[in-house]
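Work through the following exercises with the sequence and model at hand. Each task is followed by a solution in steps.

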Amino acid sequence: MIKVVKSFFSKRLSSTALLFLVGLFCFSVFIPFISPYSQDIYGSVHFEIAGQPPSFSHWFGTDTAGRDMFTITIRAAFYSLKIAVGVVFFSVLVGVPIGMFSGVSNKRTDEVIMRITDGFLAFPPMILPIAITAILGPSLNNVIIGISVSWFPWYVRIARSQSLVISSLDYVSISKSMGASKYHIIKTHVLPNSLTPIFTQASIDAGYAILTAAGLSFIGLGAQHPEVEWGLLVTQSRAQFLNHWWVVFFPGIFMCLTVVCFNIIGDEFRNNETVEK
Amino acid sequence: MGLIMLFVTSITFFIVRLLPGDPVFLLVGDHPTEEQIEKAKNDFGLNEPIYKQYMVFLQKTIMLDLGVSLRTKQPVLTELSKRFSATFELVFFSMIIALLFGFPMGLVSALNQNKRLDYFFRGFGYLGLSIPVFWLGMILQIIFFGILYWLPLQGRYSGIVLQDSPIIYNSGFILIDSFFSGEWGSFTDALRHIILPAFAMAFGVLGIVFRTTRSATIDIMSAPFFRTFKFYGIKNSEIIKKSGYKNTLIPVSTVVGLSFGLMLGGTFLVESIFDWPGVGQFSVLSILTRDFPAIVGVTILYSFIYVIINFFIDMLYIIVDPRIRD
Amino acid sequence: MERTILRATLLFLFCASLFQFNCSSDDVKNNKVFVIATYDDVKDWDPATAFSLEIFPMSNMYEPLLWYDAGVKPGRFVPALATSYSKSEDGLVWVFNLRKNVFFHDGSKFDAEVVKFVVERNKKLNGGASYIWSSVSKIIINSPHQITFTLSSPVPFDKIVSSQYGAWMYSPLIDSISKDSLNYGFGSGTGPYQLKKWARNKYILLDKFDKYWGGWNKRDHYNSVLIQIATESSTRFQMIKNGIADYAVLIPNQLIETLENSSEVSVSYHPSWVNEFYLLNTKKYPTNNLWFRRAIASSMDRSVLSNYIYKNTAVESKGLIPQSIPLFVAPDSLIEFSLDIAKNYLNKSGLDLTSLKTDLSYVSTYEQYRLTAFLLLDNLKKIGIDLDLRPGLWSTNWDKAKNLDTAPNIISMAWWPTVSSPSDWLFALYNSQENPLFNLSYYSNSVVDSLTRKAWELETTEPKVAQDLYKEIQNILIDDCVVIPAVDVNVSSVRKKKISGLKSNPAYSTIFVYDLSRN
């Protein structure tokens, strides 16, 4: 694992991507203290300056409620990254233990768990997150729950296949035959060896979580004002977007760049994975 | 297989019952009276206990009776079959675009590995994977409708063509239909309408196709047979052109199959933006209005499609790679 | 090489042809077709129960006994299928003289028997707006062209027979048609246009009815009406901009703005009978506190609504009912916008603000509701109240609001009347209801209940007294701070410049194509 991290930083592309994400996150944390329009983050509206194109005083223009687009676009990074991390965290937290347990369990238990997982995966995309957020009510936290519920089965699968591969290795079988517990096998053999594939999946998923959450916002089920999230910012201007390109353009570009960065980082993990083998 | 579909539909049934909002509203209009609501509830069996409703639902679903959409008052099956052709046309067209661009780009990129063109294409591929599909749709609309005024903003055909060529109503596939009947007016009109939504959807899959083709080609280039050819002094591009590309077909056809699933998810958003009268738009509206017969219908349709796609992928493996047959 | 060039040229030509616009809209002009671009299809072809966008085709296919012209001041009744009418002193007996030589599209004749049939069928069906006939207790046919209604209470019956929904006269042959074929499109009225073709979710085509009693020789009439369904507003916008449509419904402000300098399209705004307001829940903490409600009401800045958010599409409300409705009278005063006063009220409420949760549910599909919610949130924040926004579709909001446990403190609402009377608002929104249907403020006041009843029954016999009562009721409601009035909605009329003969009539949300001329 340490080797992976080391090689990670030696690559220019992936370290730039990481730097961008960290930088954006820090900026989004500090923007309320820097921006002259910081009140806009908390829902302040100024209808008298609504719908202005980009200018020196408003770099990204203003939206239909007269808020400074630059300030809220940067601030939105905070919430969007929160979604990304939250979704991946919960999916891993739920999916990985189940998958590993399934992998080292007897055939019957394994079969039952896998059938249920298949059931979840057979749901049409978007339907489960949409339905769950609709039931729980639209909010940022519920979006995280909604997406996590439909994604954790993927981690069940990855963790299971890893633990199947690893527990069939000679030295693991030997320790099994010597009476090691399931918990011991997972802890000492399976878990350390499955980190890289899980991290690969997680960093790619983090990007897609942002996109899915934005999609939910588009349907009206995502974060709610005054919380700002990129998808919500793009969507809010829907009635206006033909006349106000800037309201659509800037949050989208940031969303795009962030997801690209997550993809680059995921690829870097994947490359190391193949090298390791 | 059947078990999975039963699982999916049952979960859907209960999830939908949990959704906030009263479906009765769809039946009685904006300003109903107390009695009208009660009557509608009784008519639709909404006053029965939930387990009874579930039993009735199961019986009917097994007989393929999906019921009537509460929102549109049409049989769900009719509604879905009518809209599916629109969605299919869009997805199919997007897939063609994605392959038309993604596959050659992947080959070229592999042949020029780590050169400028490769970097450029890879950047493009990343962008494809990362772009929010509804945002791309809106940007395309701003450029091609708002600024240039070249292409129509939304819809599947113009209102005016509707009058001139009645052919449109006979079959769901407007492009194919109008093409073969020589209705050029309708054909170009439909084509102009499909371009923007298809490109918006194709972009993501293009990235996937590109990456798969590229990595598959790079793998081939390190294969023994490739080295042998090289030894004889044949150029890389010649080998790929003559035989090498065939070996990329398996991974590419797999991702194409899987991407159909991805695209069906994308239709939810793209169809809403472009007012495309397909299943995706229908699903979103059905969920938001709690039109449960429609939601269940959509879920059954989609899970069925997944099953079919997976089946086809397996078949493709067998056809393309004879070794699997044994 | 040459082949490549040829291919490229062909490709280019092909692409170029794609970008050309079809300009075949001339055909439509020559065809004398009036094209309406609307956003949703007919849901119910039964004229008795239709209660929504059916108004577009049906108001051109059917006629009631009387029309109500609200475009002139004061409003007046215009003969339609009844040529004249009279009422008894106590307002309980109404006699209508019916028009002679009127035929339905299916050829059957219109007479008193038909009127009796229609009213009785509507009463029996009891769906949509058919409840408007509930006060009819007896119907007597005096002659083929005269009919007498006896009512159970002295309601303004001329308003009922001219109602926008549920008052259309239709052919008795409807009974011989199965419910199923009714779902495939049906129409047999006496109106100037008859249903020719319906392609579900695509279009409705109406053709002129040659035997229409009004005749076709007066002006340069339209021969057909084509109602096209385009769910997205921008499609409708494109249709009117390209000259494909003559009239477009529900075009958003932002798109209308770009049309204002157009030489082909004209945009005008007309008062409607729709108003928008925010109901305050009087049973739910913390809005069950009168001073707290007043604090919220003082935080609503109506001038921002009319100046920035709604602009031309609405005017500030002057009362709890729209200013254009007959018998409208303004209350003594509305609660004015002032954050200082709001703070004052908040102190009087004695509530502890730190642990307070107040929520507002609004209809998410309308930009104006959204921006108004933003405004209210900002203003309330300034006086120390945190507002949670709960956008949603109306069906969802409404369902939650009907149950006190899930009801929001504040809910956005729009109301339009079935019968053109201020009482329509008061009965539905502010009269006591055991299980609130639209009384989403959970308000209950027996004084308001009895005054509303009294005013409604006095409308025909003593309109002045009724008006005073309506004023009194509004004063009570404002004093109890049950509602925050917002705006009276204007409807935009987006149409081709060439059309003439268009009159504004807030009583009907439609367009009467028969009255229009092509030049």
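**Exercise 1.** How many residues does the contact take from chain A and from chain B?

Solution. This is a predicted model, in which local features need pLDDT of at least 70, side-chain atom pairs count only at pLDDT 80 or more, and totals for chains, interfaces and linings use all residues. Residues are numbered from 1 along each chain as its sequence is written, and chains are lettered from A and ligands numbered from 1 in the order in which they are written.

Step 1. Two residues are in contact if their C-beta atoms, placed from the backbone, lie within 7 Å. On this basis, 31 residues come from chain A and 31 residues from chain B.

Step 2. On the chain A side, two or more residues each are given by α4 (107-121), α5 (127-136), α8 (182-219) and α10 (245-276) of chain A. Helices (H or I, at least four residues) and strands (E, at least two) are DSSP runs, numbered from the N terminus.

Step 3. α10(A) supplies the largest share of this side, ten residues.

**Exercise 2.** Which element gives the largest share of the side of chain C that touches chain A?

Solution. Step 1. Here 16 residues of chain C meet 15 residues of chain A in contact.

Step 1. The largest share on the chain C side, seven residues, belongs to α12(C).
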